[in-house]
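Here is a short briefing to keep beside you while you look through the model. Please take a moment with the sequence and structure first, then read on.

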Amino acid sequence: MLTIGRANVTDMLKADQPAAACCESGDTVAFETRDCYDDNDITEENPYGNVKDGLENPATGPLYVKGAEPGDVLKVEIKEIRLREYGIMRTSPTAGAFHHLYRDKSARRFYFQQDKESGREGFWFDDRLWLDCDTMIGVIGTAPKGEGVLTITPGSHGGNMDCNKIKAGTTLYLPVNVPGALLSMGDLHARMGDGEVLICGLETAGVVTVRVSVLKGKEHQPLFAALPLLHAKDRLMTIQSGKTMDEAAVLAAGKMQQLVKAVCGLTDEDSGMLMSLLGDLVICQIVNPLKTVRCEFPVSVLEGYRKNR
Ligand code: CA
Ligand code: CA
């Protein structure tokens, strides 16, 4: 299997970045990722770490997928995420919902272990609370059109969406804006609540294995208008970012309404009503340069309509 090593990192997703590797549509590829602090050896005693001039929120890549042309869709099936042995959280006196509470940065490491009874991977938050890992990918995206976008920022190309549903077993659809798509990813979180309120998840590094396929043609048209789009179990999710929560929420709901309308063959009136009955808006994150909201809709309803058209 093709592996992109952790030396291939960037803090910007951009059209003219040289590919770290090249694959065929349908191939399975592993990405070795660094943590969001650029593996800066952060500890409780040393919350600023040892490495000067590290990258902020590095992403591993990019992967050039042969045959991907602007206007296509890149289907990314997330097969497996393996983590290193620990994660880090760090407070910030300048960012996040609680920044006013902290005078300085402080950090804590959490070491992963297997629960003896359940066999599940997790960690002790303190001596009373055990939490299972629920690993997600913070940054995953293709190269945007035109100007590059920093890996701290989310957008229509994906990027730092910090959507905690992007995890093993799900499928993410991303736009192809440049030849080869140029897929990159990083910023793994062993766990994160919706919102990422402190400013971080349980930040960690690892290896993400994905299968990438290029989708072309008319039958995928409803998807093309609703990207980035996540299929997680029985839910489809549009993931949108904006300067404000309001903007992101309206974008996410609007993209899903268009998808529901197209897939189900409904009017704006009917699809609007159905959205208000079944569509769930959820905050992904409130801490990045653009804010991210997702809109979830049940797949079973879309399939039911499609069968009965
Ligand atoms: Ca992030
Ligand atoms: Ca992060």
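Predicted model: local features only at pLDDT ≥ 70, side-chain atom pairs only at ≥ 80, totals over all residues.

Asn160 is buried, at 2% relative accessibility; buried means under 20% relative accessible area, exposed over 50%, and partly exposed in between (1.4 Å probe, protein chains only). Residues are numbered from 1 along each chain as its sequence is written, chains are lettered from A and ligands numbered from 1 in the order in which they are written, and side-chain values use heavy atoms, with hydrogens and water left out.

**Calcium site**

- Donors here are N, O and S atoms within 2.8 Å of the metal (3.2 Å for Na, K and Ca), and sites may look incomplete because water is not among the atoms.
- Strands (E, at least two residues) and helices (H or I, at least four) are DSSP runs, numbered from the N terminus.
- Asp187 is buried too, with a relative accessible area of 2%.
- Asp187 bridges the calcium ion (ligand 1) and the calcium ion (ligand 2), and these two ions lie 3.4 Å apart.

**Salt bridges**

- A salt bridge means a side-chain nitrogen of Lys or Arg within 4 Å of a carboxyl oxygen of Asp or Glu, and by this rule the count comes to 17.
- Lys167 pairs with Asp134, their closest N and O atoms being 2.8 Å apart.
- Lys167 lies in the loop between strand 16 and strand 17 and Asp134 in the loop between strand 12 and strand 13 (136–141), so this pair ties together parts that are 33 residues apart in sequence.
- Asp134 is partly exposed, at 32% relative accessibility.
- Glu77 and Lys79 form a salt bridge at 3.6 Å, N to O; Glu77 is buried at 14%, whereas Lys79 is partly exposed at 46%.
- Asp268 and Lys261 meet at 3.0 Å, N to O; Asp268 is partly exposed at 45%, and Lys261 is partly exposed at 27%.
- Asp194, Arg235, Asp280, Arg294 and Glu296 are joined into one network by salt bridges that share partners.

- An open sheet is formed by 3 strands in the order 10-11-12, with antiparallel pairing.
- Its edge strands, each pairing on one side only, are strand 10 (113–114) and strand 12 (130–132).
- Strand 10 pairs with strand 11 (residues 121–124) over 2 bridges; two strands count as paired if DSSP finds at least two bridges between them.
- Glu121 in strand 11 is the bridge partner of Gln114.

**Nonpolar surface**

- Phe98, Leu101, Val197, Ile283 and Ile286 form a nonpolar patch on the surface, with about 390 Å² of accessible area together.
- Ile286 is in the loop between strand 23 (280–285) and strand 24 (291–298), and is partly exposed at 32% relative accessibility.
- Patches are made of residues with over 30% relative accessible area and no salt bridge, joining like charges within 9 Å and nonpolar side chains (Val, Leu, Ile, Met, Phe, Trp, Tyr) within 5 Å.
- Accessible areas come from the Shrake-Rupley method with a 1.4 Å probe; for residues, only the protein chains shown count as cover.
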